[in-house]
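Visitor: I would like to learn how to read the strand pairing and the overall build of a protein model. Please take me through the case shown here.

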Amino acid sequence: MTITTGKTGHLTIGGVDAVALAHKYQTPLVVYDVASIKEQIKRFKQVFEEQGVAYEVSYASKAFCALAIYQVIAELDCHTDVVSGGELATALKAGFPAEKISFHGNNKSMAELEFAVKAGVGAIIVDNFYEIELLKQVLQEQKATAKVILRVTPGISAHTHEYDQTGQVDSKFGFDLASGQADQALEELLKLEQIEVLGLHAHIGSQIFEVGGFELVGQKLMEVAHAWTQKYGYVAKVINVGGGFGIKYTAEDTPLAPEKFVEQIVKVIKQKANEFQMEVPEIWIEPGRSIVGPAGYSLYTVGSRKDLPDHLSYLAVDGGMGDNIRPALYQAKYTAVLANDPLKTATTTVRLAGKYCESGDILVAKAALPETKPGDIVALLATGAYGYAMASNYNRNPRPAVVFVEDGKDKLVIKRETYADLLALDLPYK
């Protein structure tokens with residue numbers, strides 16, 4: 001992870017002084033380097049262009065959803081996927097083209113499907129038989145048509161945290177291939193005149209460092225597509241291999257560059273197309289973390305400190321599990337630096353603790369930092385994915401503000417919540 005500093009020696013993000021940002025917008029504060037987001041998308045697109053295949057880079061909204069991020073990716077002619085009516089509403093309000101949106105989810109409600117069909121989303125990722133029945137009803141009521149992609153579970157387990165695995169047989173997502181569920185789902189969908197089946201989708205997990213799983217899922221989806229052509233005369237136009245490309249959070253992490261995963265995926269799909277004498281289908285990927293994760297920074301102000309003989313000290317900051325639940329939820333690790341002087345040699349190791357009323361509210365279990373004092377600004381690196389997206393109002397703390405920076409300029413894109421915001425939906429009992 002590259003750390004840049006300015007004339008003051010402070011950490012800079014997108015050419016802007018991080019300490020100045022903390023003072024201007026207060027902390028905790030989430031900051032995104034927009035140039036980093038754009039650069040990663042361009043690298044993904046370049047791989048496809050060099051390979052000469054049709055494709056979609058579909059940003060996975062669940063990593064971070066806001067009007068501003070949709071407007072950034074729309075500039076680069078990206079696709080996006082949403083997993084709820086709320087994400088869909090946000091994308092549409094941002095002016096994102098409906099035809100470039102796909103709608104995921106293992107338990108979409110009737111209302112969400114009605115919303116998606118009425119909006120004219122480009123694809124609905126069908127996940128189960130119940131959803132097929134709901135979609136049939138919606139299309140009949142609206143006298144509409146829809147394009148769908150069939151999500152399957154390929155029986156491939158990613159080498160990642162248990163909570164991040166989604167491609168194994170025992171998954172809550174998708175139609176199982178081994179038992180014949182996927183074949184049955186295709187048969188049902190092909191009978192429906194109001195539905196066009198675009199192709200297949202699989203997602204094997206998140207924060208994956210090894211390319212082998214992606215090669216296997218590419219092969220498996222092509223094998224299924226070929227079998228369906230042989231059995232049903234059906235030709236898949238789209239093969240969607242999902243996302244999950246790992247990023248670097250700490251010095252211990254050694255991931256491939258995200259675009260290298262894509263390079264191998266395309267090669268495997270091309271090889272299979274040649275083997276089966278098929279046209280190469282349109283290849284979709286769904287990166288989220290790898291686009292916004294490295295671009296995000298969380299800024300905190302140092303407060304109290306607790307020193308104990310023969311134990312690590314606790315250094316407390318003004319945020320924690322309310323703005324980043326990942327360390328408490330599945331032991332995610334981050335790198336912390338002193339934003340006031342990020343290149344200063346670390347002289348102490350502390351537990352970087354949050355302010356929430358939980359013993360498990362530890363942002364970094366072993367943070368190597370220089371000596372700090374109250375009022376200093378600490379930055380956590382690579383927090384752009386699933387931090388703000390999973391933020392809560394636990395302990396009735398307001399969620400932080402979000403700022404985008406680019407070319408040395410900063411722009412507030414999500415306002416900090418106020419106590420009035422917290423109380424806005426409460427109603428008195430008496």
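Visitor: How many bridges join β14 to strand β19, and in which sense do they run?

Guide: Strands of a sheet pair through backbone hydrogen bonds, either parallel or antiparallel. Here 5 bridges join β14 to strand β19 (residues 377–381), and the two run antiparallel; within this pairing, threonine 301 stands opposite isoleucine 377 in β19. Strands are DSSP runs of E with at least two residues, while helices are runs of H or I with at least four, both numbered from the N terminus, and two strands pair if DSSP finds at least two bridges between them. This is a predicted model, in which local features need pLDDT of at least 70 and side-chain atom pairs count only at pLDDT 80 or more, whereas totals for chains, interfaces and linings use all residues. Residues are numbered from 1 along each chain as its sequence is written, and side-chain values use heavy atoms, with hydrogens and water left out.

Visitor: Which other strands does β14 pair with?

Guide: Strand β4 (residues 29–33) is joined by 4 bridges to β14, which spans residues 296–306, in the antiparallel sense, with valine 30 opposite serine 298. Strand β15 (residues 313–317) is also antiparallel to β14, through 3 bridges, and there arginine 305 has leucine 315 as its bridge partner. β14 and β15 form a hairpin with 6 residues between them, and aspartate 310 in the turn has a positive phi of about 65°.

Visitor: In what order do the strands of the open sheet with β1 lie?

Guide: The order is β1-β2-β3, with antiparallel pairing. β1 (4–5) and β3 (16–17) stand at the edges with a single partner strand each, so one side of each is left without a neighbour in the sheet. Between β1 and strand β2 (residues 11–13) there are 2 bridges, and threonine 5 stands opposite leucine 11.

Visitor: What does the radius of gyration say about the whole protein?

Guide: The radius is taken over C-alpha atoms, and the globule rule is 2.2 Å times the number of residues to the power 0.38. For 430 residues a compact globule would have a value near 22 Å, and the protein has 23 Å, which agrees. Its secondary structure comes to 12 helices and 21 strands.

Visitor: What share of the residues is buried, and what share of the contacts joins residues 24 or more positions apart?

Guide: Of the 430 residues, 55% count as buried, meaning under 20% relative accessible area with a 1.4 Å probe and protein chains only. Among contacts (heavy atoms within 4.5 Å) with a separation of 6 or more, 69% come from residues 24 or more positions apart.

Key
Buried < 20%, exposed > 50% of the residue type's maximum accessible area, 1.4 Å probe, protein only.
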